[in-house]
Amino acid sequence: MIKNKLKNTLAIIAAVIMIAVCLSACTEIRLAGPMSSKTLLTINDESCSMAEAIFRLMEVRDYYKADDDEMFWYRAIGDITFDEYIKDSVKDEMLKITSSVLMSDEMALYITEEEQNQIVADATEAYNGLVDHYDLEKYDITMDTAIDLYTKKTYYNKVFDKLSENINLEISEADTKVIEVNYVEIPVSVSINEAENFRNEVKNGTSFQTACEAYGWEPVMNRVLMKGSMPESFEYVAYALTDGELSEIVETTECLYVIQCIEDYMISESVANNNQVMSAARQELFDEHYSEFAEGVLLRFNDSAWADISVPDL
């Protein structure tokens, strides 16, 4: 269970870190002045408290429920430990959601009464889920801390949705359709006539795999395909096939292909791929606007106080 959670969360963390890297590496950010030990960061006149960030760290720590594994937080993720990796990701998340409060002002986005009620409900649930497991008072964490954090997260979601609201119009179902095929790569040294003989045998009832074995070719069976995973000429033909249909010979400079369609539209896989493509497109668009916003902002970060925090010791 922990391994699955680790794998899934690393993908999420990677997306979060990518945004912050864009902010810090692609824009001019001025660092200045000392700050209170209770403040994690300030961006212009907006701030994020240490309590908010630690509360978020507690949420992440609680998610893994790894108390029985003393070495869990010290496992290597690249050149750093998982503890450090989580801290970096939460630091960058706080940067992102705090910036979103300022962005929402520029975009005239405001929290509605209904959203405020939901913020309080979500924050209360999160606070109550941690209060019996952590010494919240030690870190000056109160219910207001949770509400402040969830308010920032709501502003981020509103900014993200606003910036990417029209992305749905630019992605068609055809671009995200997932199919299942059998195919074989036939060496270019093989004549078209021989490849055509193979195709006819399959068309006349010989199984795809049996026919390939008879010719000494290695088939690829039950391959699930998404757009962009194969050469364009292959995909042009493969995506036009219907269930059970066999393609004509597809000629490329590297090989010949014969493709057999197993399923021309895998519903659940296509929906999942559409969501993934949509999410990536929305994130890319958000990053562009985020980078523009970040140019020249005044950022201060409390590195010394943050360095003293250890996730497994919370």
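**Salt bridges and local backbone features**

D140 lies in the loop between α4 and α5 (143-163), where helices (H or I, at least four residues) and strands (E, at least two) are DSSP runs numbered from the N terminus. The structure is a predicted model, in which local features need pLDDT of at least 70 and side-chain atom pairs count only at pLDDT 80 or more, while totals for chains, interfaces and linings use all residues. Residues are numbered from 1 along each chain as its sequence is written, and side-chain values use heavy atoms, with hydrogens and water left out.

The phi angle of D140 is near 60°, a positive value in a residue other than glycine. Most residues other than glycine have a negative phi. D140 counts as partly exposed because its relative accessibility is 45%; buried means under 20% relative accessible area, exposed over 50%, and partly exposed in between (1.4 Å probe, protein chains only). A positive phi, near 55°, also occurs at A108, again a residue other than glycine. A108 is placed in the loop between α3 and α4 (113-130), and its relative accessibility of 44% makes A108 partly exposed.

Ten salt bridges were found in a search of the whole structure, a salt bridge being a side-chain nitrogen of Lys or Arg within 4 Å of a carboxyl oxygen of Asp or Glu. Side chains of opposite charge can pair when their charged atoms come close. One of these bridges joins the side chains of D140 and K38, with an N to O distance of 3.9 Å. This pair links distant parts of the chain, since D140 is in the loop between α4 and α5 and K38 in the loop between β1 (30-31) and β2 (39-43), 102 residues apart. K38 is exposed, because its relative accessible area is 55%, whereas D140 is partly exposed at 45%.

A salt bridge is also formed by K152 and E52, whose closest N and O atoms are 2.9 Å apart.

T151 is buried, as its relative accessible area is 17%. When neighbours within four places in sequence are left aside, T151 is in contact (heavy atoms within 4.5 Å) with I111 and I119.

E106 is located in helix α3 (residues 82-106). The relative accessibility of E106 is 63%, so this residue counts as exposed. The C-alpha atoms of E106 and F293 are separated by 9.6 Å, although the two residues are 187 residues apart along the chain.
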